[in-house]
Amino acid sequence: MTVLLRARTRALLAALGFCLGSADLASAESPAQGATTSTSEINLVAQEELAAAQPTPDAPATTTPSVQGPATPRPQFNLPETVVTGTPYGVGAPGGATPGSTVVNSASLGGTPLGQAGSSVTVITAEQIQQRRQTSVLEMLRGLPGLNVVQSGGPGQPASVFIRGASSEQTKVILDGIWMNDPLTTGRLFDFSTLSVDNIDRIEVIRGPQSTLYGSDAIGGVINIVTKKGSGPRSSTATAMGGSFGMARESYSVSGGNQKMNYSAAGSYYQNTGISAADSRLPGNTDPNGFNNTNLSTRLGWTPTKNFDVEFIMRYMHGVSKTDLFGGPFGDDPNGHSDTDQLFTRTQLHYRGEEEIYETWLGYNTSNTTRDYRSDPGPNSTAFQLSHTNGTTNMVDWKNAVHLTKRNTLFAGASYISESGCSSFSFLDPAFPPAFVDVASPSTITDTAVYCQDQIQLGERWFTNVGVRQDNYSQAGLATTYRLSSLYRVPGSETAVRGSLGTGFKAPSIYQLFDAQFGRPNLLPEQSQGYDFGVDQPLFDNQVVLSATYFRNQFTNLIQFQSAGFSGFYTNVGRAASAGLEFTALVRLDSRTTLTGMYTKLDTRDEVNDVKLLRRPDDAASIGLNRKYFRDRANLNLTVMYVGQRDDIDYIGNRVQLDPYVVAYVAGSYNLTQRVQLFGRIDNLTDTRYQEVSGFGVMPFSGYAGASATW
């Protein structure tokens with residue numbers, strides 16, 4: 001117990017300044033990637049100390065300290081809602097094999113019709129969100145090809161997404177053009193635990209390196225979230241639901257618009273008494289970790305003239321959750337809780353030339369994340385801990401499009417980004433001297449980028465995008481990236497043959513650069529190169545769509561923490577690779593029944609230590625069935641997911657294998673009238689007990705029901 005307390009104390013003092021609430025869940029793998037596997041990064045850092053500098057998701061640490069060794073830180077468009085117009089799709093249906101008018105913003109700078117995208121893209125529509133009745137973006141991402149979603153406990157606990165074997169810190173999250181990744185987590189990742197589905201029109205997931213379009217962090221891929229754009233007469237909807245574990249949720253939305261103005265707004269409040277984040281099947285874990293969450297979203301548009309329009313977007317999220325010390329026996333912390341405030345805004349001006357040959361967009365984004373963590377003395381801890389972090393990203397972007405011909409559009413633009421933040425941490429324990437650590441006074445890094453992309457169509461069946469970008473970070477220097485994607489549709493069979501090749505980079509974070517003890521200002525950006533090749537085949541007049549994709553990614557120059565005596569530092573030493581296959585299928589059984597299936601085979605390797613990367617399953621699959629009844633008044637949705645064996649690190653630092661599992665979800669709705677709908681949902685239908693992160697629990701069988709009214 002003394003060793004545990006000392007280790008936790010050293011880690012807390014050393015690592016916590018900048019990393020509260022990071023959710024990479026890879027951090028148990030190593031401090032280099034610095035995201036939390038416990039319910040707060042504060043608690044995880046102590047676990048990392050005991051884990052003896054275990055490997056990162058990308059490459060393990062090159063040295064291994066003892067348990068008593070050093071501390072280890074740690075242009076918006078008016079878009080249709082369906083993937084292919086007039087065709088109901090299940091969650092994450094491929095869609096890329098069939099022609100359609102849906103424009104995918106994330107696939108190119110000007111948006112690309114899904115049937116012309118050479119990149120690997122999955123779209124979740126507003127209709128699919130309604131069908132599954134999930135309330136968080138995190139839950140909607142589960143089961144998609146190439147993605148692995150992990151959470152350290154129940155609702156409100158840190159959660160993140162791995163794409164094609166890249167770390168979750170290498171996943172870029174964007175909301176209506178706003179970069180959401182938090183600059184004050186160790187590796188600049190985004191924690192999905194508080195992001196609800198309110199006012200979301202659709203979610204695009206584009207896989208593979210995307211730094212040419214989106215700059216730093218877009219190594220594994222991009223998750224692009226698009227807010228609803230109001231149109232038509234005013235429409236309001238109020239919803240209330242409740243269920244297991246004290247869950248209650250109330251929400252309200254309103255939208256409307258005409259040729260001059262459009263608006264949409266939504267708000268929700270969620271509460272849940274929750275489960276113990278540290279797995280309750282292990283000794284000493286009995287205290288539930290409750291969660292309260294507020295989401296507010298607004299999108300406003302004004303079109304004063306036919307050639308000019310203005311948009312304003314805002315999203316606010318506030319989450320309060322109880323936290324545990326670590327995942328394992330006696331990991332409970334009845335006195336710990338975290339408080340997170342996040343505010344994202346964007347203002348965008350858009351002008352079209354008279355002949356619509358030239359367009360320009362000018363945007364300004366802000367994002368601010370504040371995290372507070374507190375743990376008072378209690379049965380499992382004699383220490384008082386208090387930490388505070390505040391990170392801000394400001395961004396100005398200017399994009400221009402010249403429509404050279406009807407089949408060739410040239411884009412060029414520039415952006416300026418400023419990331420800043422500061423943090424503090426205090427710790428008091430009777431066994432140790434009082435300590436107060438201000439890890440760094442306010443620190444700032446900036447990036448200036450220029451980029452261009454040519455969007456080309458040759459004939460009626462060949463579609464290509466090629467682009468290049470250069471970023472210049474104030475601390476890390478230059479990073480040049482490129483991307484090429486192309487799709488050709490074979491006449492007669494309508495087979496779509498597609499592929500992409502690109503590079504990515506990830507600039508070092510504020511913490512990795514400026515932490516008083518572990519930071520190194522001379523760090524270079526992480527680099528990646530990846531490609532994929534795929535075939536999409538529609539059959540039976542598009543009633544069946546089959547898709548297969550092979551991909552490979554190489555990661556170099558990865559930033560890792562390297563121990564040195566009783567201290568350590570970050571350095572560019574890691575190398576890793578991932579490769580795999582993605583299969584998707586959509587079968588429209590009849591006009592009311594849709595079946596989807598997905599399977600991912602993944603092979604990852606830390607090339608420095610020749611071991612698998614952690615928390616990446618060897619294989620994963622999902623099946624979704626959606627059926628309408630009673631002349632479409634009722635809907636039933638069934639989703640079954642399989643996640644295969646994967647490696648992880650337990651609470652004392654041993655490398656372990658997590659068992660495969662199968663989990664099922666069912667949801668249904670019934671339109672009582674044209675304005676009133678009843679609905680319900682059951683999660684973990686078979687009450688499967690499993691772990692996504694070693695030592696942490698998951699929600700057991702639980703049911704929820706509610707009603708909504710529209711007027």
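Val137 is in contact (heavy atoms within 4.5 Å) with Phe192, Leu195, Ser196, Val197, Ile200, Ile203 and Ile225, leaving aside its neighbours within four places in sequence. This is a predicted model, where local features need pLDDT of at least 70 and side-chain atom pairs count only at pLDDT 80 or more, while totals for chains, interfaces and linings use all residues. Residues are numbered from 1 along each chain as its sequence is written, and side-chain values use heavy atoms, with hydrogens and water left out.

**Nonpolar cores**

- Val137 also turns up in the largest nonpolar core, a set of 28 residues, where it is listed with Leu141, Phe192, Ile203, Ile223 and Ile225 as having the most contacts inside.
- A nonpolar core here is a set of buried Ala, Val, Leu, Ile, Met, Phe, Trp, Tyr and Cys residues joined through side-chain atoms within 4.5 Å.
- At least two residues of this core come from each of several elements, including α4 (137-141), β8 (200-207) and β9 (221-227).
- The top contributor is α4, which gives four residues.
- There's a second, separate core too, with 18 residues, among them Leu114, Tyr214, Ala218 and Val222.

**The chain as a whole**

- You'll find six helices and 33 strands in the protein chain; these are DSSP runs numbered from the N terminus, with helices being H or I of at least four residues and strands being E of at least two.
- Of the 711 residues, 62% are buried, and buried means under 20% relative accessible area, exposed over 50%, partly exposed in between (1.4 Å probe, protein chains only).
- The protein chain exposes about 24,100 Å², with carbon and sulfur atoms supplying 60% of it; the areas come from the Shrake-Rupley method with a 1.4 Å probe, and for residues only the protein chains shown count as cover.

**Salt bridges**

- The count comes to 30 salt bridges, each one a side-chain nitrogen of Lys or Arg within 4 Å of a carboxyl oxygen of Asp or Glu.
- Arg164 and Glu582 pair up at 2.9 Å, N to O, linking the loop between β5 and β6 to strand β25 (residues 567-590), 418 residues apart.
- Arg164 counts as buried because its relative accessibility is 2%, and Glu582 is buried as well, at 3%.
- Glu494 and Arg461 also meet at 2.9 Å, N to O; Glu494 is partly exposed at 23% relative accessibility, and Arg461 is partly exposed at 25%.
- Asp610 and Arg605 form a salt bridge at 3.6 Å, N to O, with Asp610 exposed at 55% and Arg605 partly exposed at 28%.
- Shared partners join Arg164, Arg207, Asp532 and Glu582 into one salt-bridge network.
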